[in-house]
Amino acid sequence: MKEPAISPATTPTSPGELVSGKGEVLVVDDDPHNRRLLRMMLQGAGYDVREAADGRAALDACREQAPDLILMDVMMPEMDGYQATSRIKAEMGDHFIPVIFLTALDDENALLRAIESGGDDFLSKPLNLAILKAKIHAMERLRDLHTGLQNRNEALLRARARQDWEEETAEGLFSRAITRRNRGLDRLQLYRRAAATFSGDVVLSGYTPDGALRVLVGDFTGHGLSAAIGTYPVSETFHTLTQQGVDDQELLHELNHVLHDFLPASMFMGALLATFSADGHRVRLWNGGMPDAWLCNTGQDRVRRIQSRAMPLGILDRLDPDTGARCYELDDGDWLTLVSDGVLEATDTAGTTFGEAAFFRHCRTSEPAGTVFERIREALDVHCGDQTPSDDMTLVTIDCSPAVVTESGRPQSRERRGTLRWSLEASDQRLAEVDLVGAARTQLLEWLPSLGGGHAEALQTVIAELCNNAFEHGVLRLDSGMKSTVEGFEQYYRQRSEALRDIRGRIGVSLRYRPLDGQNCIRIRVRDSGPGFDHHQVQEALEGRGDQRLWGRGLTLVRQLCDRVRYHGSGNLVEADYRWNTAHDAESGGSQAP
């Protein structure tokens, strides 16, 4: 015979003696007398009560409507309290229903089994009402805490889901803003895997005005939104200057300037820049703080490594001019692969990195670029598995055949539109070593055949005169007025020799071609670091409105050759526009002077 659930000595004299409450309690006991006593007590305290005669009936009752609390007997036919509790807890999932075991068993194994089956507390028969009251109070508090925590978790999950949606939407818009101006990207084989919604790696591509492909792979410090922010100004600068036809060095200098001013001191961008020639037979490569690029060949066991020779962009206020791009001749079957460090540092579940050795092993094969790319991609997928990488991963493979790296369907040269730009700067003692005029002439000789030819000598004269003026008066700080007399020439050149021993200053030269009013126009800009001069006074002298001087003949020649000459600021920046109509103009006098 089962022991009664409630001891007669502790039966309440009135129903209100137990705490008043609200909610529904399921009483599970195969003894109808025990169920009746518990019903009276709980209803008197304000609870709704349902009854179940065994564990199976209790499970069905919970499926029909979940109660707020269960008082569970242990020893019952059909399904005992342990089994019933285990099934109820499993089926209710995250919905918390406190279960208090009512048992006459007091051995440790029975109590341990009650806990393992999902029971939240237990009470030995016969019941002490004061203790039962306290247990119900405790379970109510536990239930309320669980409900509050669950509500907060659900709110957090909803907020997280909304944040994820907003991030994914923002990333989609952000990516389109960055890549919308990409051209030729479909000719590359590209593998990307981000460590977060936003990626700190960027791949940009475009065509220069002569139809050659240029590709930039950048890797910002860190990953996520903070790393991705810098990709937008990089994209805009890259595409604007590429379309204008600037050379690699000017593009890199401008990108470095933008990032140095834009990013915090702790952030920078490693970069790999590849610019192919217009005929597709050469490529210029620059590596600043990135893993080695690999120039490989199909059918030959030949790999050329392009190592980093420069600092990442955004660290220094000015790039070192000695770390310019290097030119490589391309052979049939050549292909190029560029990677971010996230590829080489990708780890498997054991923490082993993919590594340069595995990457190099794939590059040394004599298979076509597309096949090698797929093998590397598959190897990375197997290595990383389903885990999220710790850093953004980017792999780019480029087939270097002219059909791929030059823009198809380019119009003939006479029909081309757009601009070309080139610049070079030297400072201090480098000014005595670097031939700025010769470098500018070399660039002009590369441009002029596609622009109608001719005019090289006249343009060189203009550049030489402007650079000489910037060097002697801007950098060496020599006074041109000294040459106003024959006697002053000796003193002028004596001071010049002394100044050459310790050169301090900077000269920058830039060339920009653009069609203008149906003519060809090359604008020559020369800037020096000097304090400038009274260019208005000089202009009056050159135009015969002031004292005639023995100096200034070079500037007079520049004005005769050029359509327009303008000084800016204090006079340390001069712009000269040289214009011509057709390729039939002579080497000299080709400009349409006013």
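A residue is called buried here at under 20% relative accessible area, exposed at over 50%, and partly exposed in between (1.4 Å probe, protein chains only). The model is predicted, so local features need pLDDT of at least 70 and side-chain atom pairs count only at pLDDT 80 or more, while totals for chains, interfaces and linings use all residues. Residues are numbered from 1 along each chain as its sequence is written, and side-chain values use heavy atoms, with hydrogens and water left out.

Strand S17 (residues 506-516) runs antiparallel to S18, joined by 10 bridges; strands count as paired if DSSP finds at least two bridges between them. The two form a hairpin with 2 residues between them, and Asp-517 in the turn has a positive phi of about 55 degrees. S18 is also joined to strand S20 (residues 573-580), again antiparallel, by 8 bridges.

Then come the salt bridges, each a side-chain nitrogen of Lys or Arg within 4 Å of a carboxyl oxygen of Asp or Glu. The count comes to 34. One of them joins Arg-564 and Asp-577, at 3.7 Å from N to O. Arg-564 sits in strand S19 (residues 564-568) and Asp-577 in S20, so the pair ties together parts 13 residues apart in sequence. Asp-577 is buried at 3% relative accessible area, whereas Arg-564 is partly exposed at 40%.

How values were computed. Helix = DSSP H or I, 4+ residues; strand = E, 2+ residues; numbered from the N terminus.
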